[in-house]
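Please consult the sequence and the structure shown here while reading.

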Amino acid sequence: MFRYYLKLGLKSLRRSPVLTALIVLILAVGIGASMTSLTMLLVMSGDPIPQKSDRLFVPQIDIGPKNASWQPGEEPERQMSWTDVENLLRDAKGKRQTALYGVSPAIDAGREDLPPFREQGMATTREVFPMFDIPFVAGGPWSAEDDASGADVAVIGRELAEELFGETRAVGQRIRIDDREYTISGVLGRWNPIPRFYRVSGSGTDGEVHQLWLPIRNAIGREWRNSGW
């Protein structure tokens with residue numbers, strides 16, 4: 001019986017090849033869209049750092065004025081003032097704590113074959129690396145003294161290190177970032193968390209991992225505007 005109905009179906013399809021092709025195309029697009037949506041849902045619902053996710057918190061402080069439009073229970077601004085950041089870092093209430101914001105300075109490799117380019121990076125503190133289990137293949141974070149003084153030091157990703165220095169060891173080398181020389185203290189290994197949990201607000205859920213990490217006090221001292229939230 002199944003073979004009989006199958007033959008009838010094939011004969012019907014042969015009578016209208018254009019309509020058959022259109023139906024197959026519509027079904028293919030529908031299945032593809034459904035699978036793409038399910039895949040994105042699976043990826044976005046994953047836990048990128050399960051060993052610490054129950055101990056990582058993003059504090060929120062309401063720094064806005066109390067005006068006529070304010071309602072009790074409203075979510076505060078997603079960004080925090082630099083004064084509050086400094087106070088939280090100084091009080092050190094957490095076992096580990098960090099502050100960060102996105103920057104996009106220009107990098108000049110000093111090579112004719114590699115013109116200056118902008119690199120998306122993060123201005124943060126040295127605690128970000130052990131806090132988020134960010135691995136190193138060479139060197140390590142800048143020192144606590146560099147953190148406090150906002151020294152001209154940087155950590156770069158492996159891809160950026162290979163682009164700038166090739167096979168040459170990058171740790172200890174200097175790169176020019178927005179007309180100032182920075183010393184490289186470490187090179188990151190492969191680290192590709194999805195979603196980008198270290199930027200809860202205002203960042204993309206995927207895309208390239210940041211290849212440039214700088215002391216936040218250095219970025220504040222240079223008055224770099226934030227790239228993103």
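In this predicted model, Ile 156 is in contact with Ala 161, Phe 165, Ala 170, Ile 175, Ile 184, Gly 186, Val 187, Leu 188, Gln 211 and Leu 212, leaving aside its neighbours within four places in sequence. Ile 156 also belongs to the largest nonpolar core, where it is one of the residues that touch the most other members.

**The nonpolar cores**

- The largest core holds 27 residues, and Leu 164, Ile 175, Ile 177, Leu 214 and Trp 224 stand beside Ile 156 among those touching the most other members.
- Elements giving two or more residues to this core include β6 (153–156), α6 (158–165), β7 (174–177) and β9 (212–215).
- Helix α6 provides the largest share of this core, four residues.
- Another core, of 17 residues, lies apart from it and includes Phe 132, Trp 142, Val 153 and Phe 197.

**Thr 124**

- Thr 124 is located in strand β4, which spans residues 121–124.
- Because its relative accessible area is 0%, below the 20% limit, Thr 124 counts as buried.
- Its side chain makes a polar contact with the side chain of Thr 98, at 2.9 Å.
- Beyond four places in sequence, the contacts of Thr 124 include Ala 99, Trp 142, Asp 147 and Leu 214.

**Arg 176**

- Arg 176 is located in strand β7.
- With a relative accessibility of 31%, Arg 176 is partly exposed.
- The side chains of Arg 176 and Glu 181 make a polar contact at 3.2 Å.
- Arg 176 also touches Ala 106, Ile 107 and Asp 108.
- Pro 116 is 60 residues from Arg 176 along the chain, and their C-alpha atoms are separated by 9.5 Å.

Technical notes: Residues numbered from 1 in each chain as written. Predicted model: local features only at pLDDT ≥ 70, side-chain atom pairs only at ≥ 80, totals over all residues. Heavy atoms only, no water. Buried < 20%, exposed > 50% of the residue type's maximum accessible area, 1.4 Å probe, protein only. Polar contact = N/O pair within 3.5 Å; in protein donor to acceptor, adjacent residues only side chain to side chain. Contact = heavy atoms within 4.5 Å. Core = buried A, V, L, I, M, F, W, Y, C linked by side-chain atoms within 4.5 Å.
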